[in-house]
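Please look at the sequence and the model before reading on.

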Amino acid sequence: MKRTRVIILGSGAAVVVLAAGTAVAATQLGHHSAGTTLPAANCGAATARSVDASTVVTMAEPGALTCFYNAARACHPAAVQIVAQGVDAGTDYVFKIEGGGKSCRVTESSQTYVEPGRHGPVRSVTCDQTGVTDVGVTLACDGQDVLVPSAGGGHERPAVS
């Protein structure tokens, strides 16, 4: 009989180790992957109840929102992950600024998940950056307005351990 152990590391990663060394899998908490994975979020991650025109971030890694906001203002490459989290299901979003050119190209990649471990396909759409204000970065993604809030609202606070 194989036994499974889950080890939570201080860096926020979980490692699942199966006895007898048959497999090792690692995943970043709050990031769910399937056969196709979301792009890396070099700015960090945040959590919200929903991602829409009035996104309210409930928690964010220190500097994540500021990193994305500053990159959007300068049209420099950067990406931030926002997890729209429900009780047993949600959607992971990664907003990625390509940078350069006359306009700032932004891609929204998303993947739904249902706990435990069921993931939908990764979906990507191109967004138009419609504004960068004190409130945050506003985007038009596939006909939907989206706000990636700035840190001005005091949302960048570490997760409670």
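This is a predicted model: local features need pLDDT of at least 70, side-chain atom pairs count only at pLDDT 80 or more; totals for chains, interfaces and linings use all residues.

C43 lies in the loop between β3 (24–28) and β4 (44–48), while C67 lies in helix α1 (residues 64–74), so the bond ties together parts that are 24 residues apart in sequence. The link of C43 and C67 is left-handed, with -60 degrees about the S-S bond. C43 is buried, at a relative accessible area of 8%, whereas C67 counts as partly exposed at 27%.

## The other disulfides

The count comes to 3 disulfides. One of them joins C75 to C104, with 2.5 Å from S to S, and C75 lies in the loop between α1 and β6 (78–85) while C104 lies in the loop between β7 (89–97) and β8, so this pair ties together parts that are 29 residues apart in sequence.

C127 and C141 also form a disulfide, their sulfur atoms 2.0 Å apart; C127 belongs to strand β10 (residues 123–133) and C141 to strand β11 (residues 136–141). The torsion about their S-S bond is about 110 degrees, so the disulfide of C127 and C141 is right-handed. C127 is buried at 2% relative accessibility, and C141 is buried at 3%.

## The chain as a whole

The chain has 1 helix and 12 strands, and 37% of its 161 residues count as buried. Among the strands is β8 (residues 105–114), which holds S110, a residue that is buried with a relative accessible area of 9%. Beyond its neighbours within four places in sequence, S110 is in contact with residues including L38, Y93 and R123.

How values were computed:
Residues are numbered from 1 along each chain as its sequence is written. Side-chain values use heavy atoms; hydrogens and water are left out. Helices (H or I, at least four residues) and strands (E, at least two) are DSSP runs, numbered from the N terminus. Buried means under 20% relative accessible area, exposed over 50%, partly exposed in between (1.4 Å probe, protein chains only). Contact means heavy atoms within 4.5 Å. A disulfide is a pair of cysteine sulfur atoms within 2.5 Å.
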